[in-house]
Amino acid sequence: MNVQSIRSDDAYRAMALAPESKRDDIYRYELMTPLKKKWDCYHVPVKASRPGGYDVVMASDMLGILAPSSVDESLLEKIALISDDGFWNTCQVAVERSLSRFAERGIELPVWEYRFTVLLANPANPSVMASEGYAGDGGIPGFILVWLDPNDLTLSRMPAALAHEANHNVRFQFIEWSNDITLAEMLVSEGLAENFAESLFGKKNVGPWVTKTSEETLRHAIKPKLREALGVQGMAALSAYLYGDEIAALQGYPTAGLPYCAGYACGYHLVKQFLIETGTDIADATVLPASDILEATKSFWD
């Protein structure tokens, strides 16, 4: 397979030293154009047809990625933290190791070419703050993005974050995405991704979307509500179940009386039970239908 990094550090440095009026275009054409096929899947243009229109700059901002207009000389020290060749090599190895894990199990991936990048996160974005400064997106096969507010913790978590997103990348080569995707499918997908990252980089790198949830909260506040909502369809309807009320409300979606990333934590423990009870390898589990995993873990909801 061919894994290519889209290094962001030079582009961010150029933004920091450029007039504010030039920064959006540096972001669009130096960082996002190599990822155009990904954005095309979301029907997001690299540049809007009219000033202020919806394009990759606005879409990135909504995800919690730092707006290009905010990248100035005050951020040069943060940019330096993602400028080391060793950092990018570590990220490259993490993606390659993640994808190779499937070849080791005899799973042939339909996609051969992969591009990934590491972007700066908006530290004031509520979802970024809740996830301790880092997040990612790997849902479009062939493209893996993570973003972070660089510090010792977030930098150390990049290999695991990339592994999580690489797992999504593989799963959606075998499980077709649908706009009316169910909560059950999303629970399984997120649970697979985090268990996969843990299998490669250890429990200490499990994300806050899991570790912030106590066993008591999972059992008494989360499981009963999610069990009754497994058939809920569409991201707008299931957002609160997956991300929790606070993030759902910020997105303008209905709330459901649930804490931060309830679905992520529930999915992690659901898949963990499946792996332990069936002895299935995490790579093999990644390409299974959600129904197979749910059928084998009915006792999880007791």
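Which residue lies over the face of Phe300, and at what distance from the ring centre? Lys223 does, at 3.9 Å from the ring centre of Phe300. A charge sits over a ring if NZ of Lys or CZ of Arg is within 6 Å of the ring centre and within 35 degrees of the ring normal.

## Basis of the report

The model is predicted: local features need pLDDT of at least 70, side-chain atom pairs count only at pLDDT 80 or more, and totals for chains, interfaces and linings use all residues. Residues are numbered from 1 along each chain as its sequence is written, and side-chain values use heavy atoms, with hydrogens and water left out.

Helices (H or I, at least four residues) and strands (E, at least two) are DSSP runs, numbered from the N terminus.

## Helix α6

Helix α6 covers residues 85–104. The expected span of a helix is 1.5 Å times one less than its number of residues. For the 20 residues of α6 that gives 28 Å, and the end C-alpha atoms are 28 Å apart, which agrees. At the start of α6, a side-chain oxygen of Asp84 comes within 2.8 Å of the backbone nitrogen of Gly86. This is a polar contact (a pair of N or O atoms within 3.5 Å; within protein, one must be able to donate a hydrogen and the other to accept it, and residues adjacent in sequence count only if both atoms are side-chain atoms). After α6 comes Gly106, with a positive phi near 75°.

An α-helix has 3.6 residues a turn, so residues three or four places apart point the same way.

## Aromatic rings

The whole structure holds eight aromatic pairs. Rings of Phe, Tyr and Trp (its six-membered ring) pair if their centres lie within 6.5 Å; planes under 30 degrees apart count as stacked, over 60 as edge-to-face and the rest as tilted. Phe172 and Trp177 form an edge-to-face pair, 5.6 Å centre to centre with 70° between the planes. Phe172 is buried, at 12% relative accessible area, whereas Trp177 is partly exposed at 39%.

Phe87, Trp88 and Phe116 are linked into a cluster by ring pairs. A charge over a ring also occurs at Phe201, where the charged end of Arg97 sits 4.9 Å from the ring centre.

Strands β3 (residues 134–137) and β4 (residues 143–148) run antiparallel and are joined by four bridges. Two strands pair if DSSP finds at least two bridges between them. Tyr134 stands opposite Leu148 in β4. The two strands form a hairpin with five residues between them, and Gly142 in the turn has a positive phi of about 100°.

Leu120 belongs to strand β2 (residues 113–120) and is buried, with a relative accessible area of 2%. Its contacts (heavy atoms within 4.5 Å), leaving aside residues up to four places away in sequence, are Tyr12, Ile65, Leu66, Ile79, Ile82, Trp147, Leu148 and Pro150. The C-alpha atoms of Leu120 and Gly64 are separated by 9.0 Å, and these residues are 56 residues apart along the chain.

Asp55 is in the loop between α3 (36–41) and α4 (56–63). This residue is buried, at 2% relative accessible area. Not counting residues up to four places away in sequence, Asp55 touches Arg28, Val44, Pro45, Val46, Lys47 and Ala48.

Ser60 is in helix α4 and is buried, with a relative accessible area of 1%.

## Helix α12 and positive phi values

Helix α12 (residues 235–243) has Leu238, Ser239, Ala240, Tyr241, Leu242 and Tyr243 as its buried residues. These pack against α9 (183–201), α11 (215–227), α13 (245–250) and α14 (262–278). Gly244 follows α12 and has a positive phi near 95°.

Glu132 is not a glycine, yet its phi is positive, at about 60°. Glu132 is in the loop between α7 (126–130) and β3 and is partly exposed, at 32% relative accessibility. Cys261, also a residue other than glycine, has a positive phi near 50°. Cys261 lies in the loop between α13 and α14 and is buried, at 5% relative accessible area.

Key
Buried < 20%, exposed > 50% of the residue type's maximum accessible area, 1.4 Å probe, protein only.
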